[in-house]
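Here are some questions and answers for a reader new to this structure. The sequence and the model come first.

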Amino acid sequence: MPYRVESVPFESRGAEHYRCQPFGQVPWITDGDLTVFESGAALLHVAERSEQLLPRDRRARADVAQWVFAALNSVEAASLPWFVLKFAGDGEETAERKAIASFLTSRLTHMEDVLSGRDWLTPRFSAADIAMADVLRLIDRFDGLASYPACKAYVTRAVERPAFRTAYEDQMAHFARGGEGG
Ligand SMILES: N[C@@H](CCC(=O)N[C@@H](CS)C(=O)NCC(=O)O)C(=O)O
C-alpha cells in the first residue's frame, strides 16, 4: 500500500492540527478525504484493507480486536506511568513508584505466559501484533523486558519482519531529511 510520511510543526500547532488530532498530538493518518487520529484507530483503519491483518470472520476479527485493545488499554496503560518516571530520570524508591512498577510487572508477567506458547497473539500475524509489539518494543527500549524472554523474543520477531523494517527505515529517512518530502 503506497503511503507518504509527513511532519507537523511541534512548537506552533495550528487549528488544522487540532482539527485532525484534538489533543494536538501525533500521529494521525490522512486517507483521501478522511483523517483518523489515535494510533489504534489508524491501525484498524489501515488493517481493514487486509484479510490477514483484520480478518472478516467474526471470531477471528474479535480475537484480533481484543488483543489490539489489550495492547493499548491493558499493557500500554500500565507502561505509561512507568515511562514518565523513566523519562524524568526518577529512580527514587517510594511506595507510589513501587506500585507503578508492580502494575507493569503484573501485565508483563501475564504477557510472558501468553507469548511463551505462541509466535503471534492470534493464529496468524495480525494488527494485534503490530499494536502489542510496538508497546512492548518501547518498554524494551528502557530495558523493561530484561526478565521477560518470551516478550523480548516476540519483539525481535516483530521488528525483523521486512514490513516493519521498511516502515521504520522510511520514517528514519524522513527525519534524516529534516522531516521534508515523502
Ligand atoms: N494515544 C495516542 C498517544 C499519542 C502520543 O502520545 N503522541 C506523542 C508522540 S508519540 C505526542 O504527540 N506528544 C506531544 C504532545 O503530547 O504534546 C495515540 O496512540 O495516538
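Q: Among contacts in the chain between residues at least 6 apart in sequence, what percentage join residues at least 24 apart?
A: This is a predicted model. Contacts in the chain between residues at least 6 apart in sequence are considered, and the share that joins residues at least 24 apart is 54%.

Q: How many helices and strands does the chain have?
A: From the N terminus on, the order of elements is α-β-β-α-α-α-α-α-α. That makes two strands and seven helices.

Q: What radius of gyration does the chain have, against that of a compact globule?
A: A compact globule of 182 residues would have a radius of gyration near 16 Å, and the value for the chain agrees with this. The C-alpha trace spans about 45 × 45 × 30 Å along its principal axes. The radius of gyration of the chain is 18 Å.

Q: How far apart are the end C-alpha atoms of helix α3?
A: Helix α3 covers residues 58–87, which is 30 residues. At 1.5 Å a residue it should span 44 Å, and the distance in the model agrees. The end C-alpha atoms are 40 Å apart.

Q: Where is the kink in α3 centred?
A: The kink is of about 45 degrees.

Note on methods: Residues numbered from 1 in each chain as written. Predicted model: local features only at pLDDT ≥ 70, side-chain atom pairs only at ≥ 80, totals over all residues. Helix = DSSP H or I, 4+ residues; strand = E, 2+ residues; numbered from the N terminus. Expected span 1.5 Å × (residues − 1). Bend = angle between axes of the 7 residues up to and from the residue. Rg over C-alpha atoms; globule rule 2.2 N^0.38 Å. Contact = placed C-beta atoms within 7 Å.
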